[in-house]
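Here's a quick briefing on side-chain interactions, written for someone who likes the cut-offs spelled out. Have a look at the model first, then read on.

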Amino acid sequence: MQFDFPLEKLREHRPPLNEPSDFDEFWSTTLAEARSHDIDVRMEEVDLGLAGVATYDFSFAGFGGHRISAWLRVPTDAPAPLPAYVQFHGYRGGRSWAHEAQLWPLAGFAHLSVDTRGQGGGGWNAGGTPDPVGGSGPEASGWLTRGILSPQDAYYRRVFCDAARAVDAVRALDTVDSTKVFVGGVSQGGGIALAAAGLSEGLAGVTADVPFLCDFPEAVALADETSNGYGEIVHLLRTHIDWEKTVFRTLSYVDAATLATRATAPALMSVGLMDAVCAPRTVFAAYNGYGSSDKDIAIYPYAGHEGGGQRQEWRKLEWLRSRLG
């Protein structure tokens, strides 16, 4: 059922995002520290016997110089330099298997499928990048509450920094046109893409489908406590209500909706009006506050968190192609 605001109200929904006064300084310092490490791109071709696509086991230096794994897939019959699509993944998922996700290279894009540190063992796709920093203090199962008592320790500080470094890594390739780099993802991947757009200059575009990690105060208030994600914060605060102010202060530094206000790249987003995982109002909080007026949102009235599925995948491809000139 459509449980959230009517669509007309969603289109106007712009809640206060509780932005910390040192938000920009926090992120500029984080990125500067990460960029003090050489990007150190490493890649080794994997022979899959597929026609038209070359696949590489790819890695680069992310937050703290930690190695972040990815798959790089490139078309073998398209002239360089190539446009690039950097993809981030849903909660508990990673870069998955080398033979998957052939749409983007077959469409002429260099495709970087990036691991989310510490994830990829959740049962729906694989990953291989650890989170060497680990937790800090008590936490609920999952990743949202890891390091939740300090912005410096927050798990998504590391993840969002990794995403910005993924953009740096793909731009370091001679085979990629650095002016034609796109970022995108679904659910958690959509939230990470919005963060990357806020932290990276000169992107050609961003796609964010049913994005997670947006407008934490409202998202937590509407959370289904039985689900992965925002429900983890509910469980933590149930036993540590005295941490509420500290928890939401930390989350204010890693809110993708706030980072999206810094983005300047064109954007295509999507929302499912029956989505009980990432409530429509949290998606519209990110969309309505997005930093560029060059934006559009695909609305799926009868969709839940699956969003537009493959229909939206094709729409994204057409949208990216239209941005290539």
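Predicted model: local features only at pLDDT ≥ 70, side-chain atom pairs only at ≥ 80, totals over all residues.

Residues are numbered from 1 along each chain as its sequence is written, and side-chain values use heavy atoms, with hydrogens and water left out. A search of the whole structure turns up 14 aromatic pairs and 18 salt bridges, but zero disulfides.

**Aromatic rings**

- For the ring pairs, Phe, Tyr and Trp (its six-membered ring) count if their centres lie within 6.5 Å; planes under 30 degrees apart are stacked, over 60 edge-to-face, and the rest tilted.
- W104 and F109 make an edge-to-face pair, with 5.8 Å from centre to centre and 90° between the planes.
- Both partners are tucked away, where buried means under 20% relative accessible area, exposed means over 50%, and partly exposed is in between (1.4 Å probe, protein chains only): W104 is buried at 3%, and F109 is buried at 0%.
- F109 also pairs with F182: the ring centres are 6.2 Å apart and the planes sit at 75°, so this pair is edge-to-face.
- F109 is in the loop between helix 3 (103-106) and strand 5 (110-114), while F182 is in strand 6 (residues 176-186), so the pair ties together parts that are 73 residues apart in sequence. Helices (H or I, at least four residues) and strands (E, at least two) are DSSP runs numbered from the N terminus.
- F109 and F182 are both buried.
- Elsewhere, ring pairs join F26, W27, Y155, Y156, F160 and Y253 into a cluster.

**Charges over rings**

- A charge sits over a ring here if NZ of Lys or CZ of Arg is within 6 Å of the ring centre and within 35 degrees of the ring normal.
- R95 puts its charged end over the ring of W71, 3.7 Å from the ring centre.

**Salt bridges**

- Side chains of opposite charge can pair when their charged atoms come close. The cut-off for a salt bridge is a side-chain nitrogen of Lys or Arg within 4 Å of a carboxyl oxygen of Asp or Glu.
- D168 and R35 form a salt bridge, at 2.9 Å from N to O. D168 belongs to helix 4 (residues 155-171) and R35 to helix 2 (residues 23-35), so the pair ties together parts that are 133 residues apart in sequence.
- In that pair, D168 is buried with a relative accessible area of 19%, whereas R35 is partly exposed at 38%.
- R67 bridges to D40, and their closest N and O atoms are 3.0 Å apart. This pair also links distant parts of the chain: R67 is in strand 3 (residues 67-75) and D40 in the loop between helix 2 and strand 1 (42-46), 27 residues apart.
- Both of these are partly exposed, R67 at 26% and D40 at 27%.
- R95, the residue over the W71 ring, also forms a salt bridge with D57 at 2.9 Å, N to O. R95 lies in the loop between strand 4 and helix 3 and D57 in strand 2 (residues 53-61), so the bridge ties together parts that are 38 residues apart in sequence.
- R95 counts as buried at 13% relative accessibility, and D57 as partly exposed at 33%.
- R117, D131, R146, R158 and D162 are linked in a salt-bridge network.

**Cysteines**

- A disulfide would need a pair of cysteine sulfur atoms within 2.5 Å, and the structure holds zero of them.
- C161 is in no disulfide, and the nearest cysteine sulfur, in C214, is 19 Å away. C161 is buried, at 0% relative accessibility.

**Around Q87**

- Q87 is part of strand 4 (residues 82-88).
- The side chains of Q87 and H111 are joined by a polar contact of 2.7 Å. That term covers N or O atoms within 3.5 Å; within protein, one must be able to donate a hydrogen and the other to accept it, and residues adjacent in sequence count only if both atoms are side-chain atoms.
- Leaving out residues up to four places away in sequence, Q87 touches H111, L112, S113, V114 and G184, contact meaning heavy atoms within 4.5 Å.
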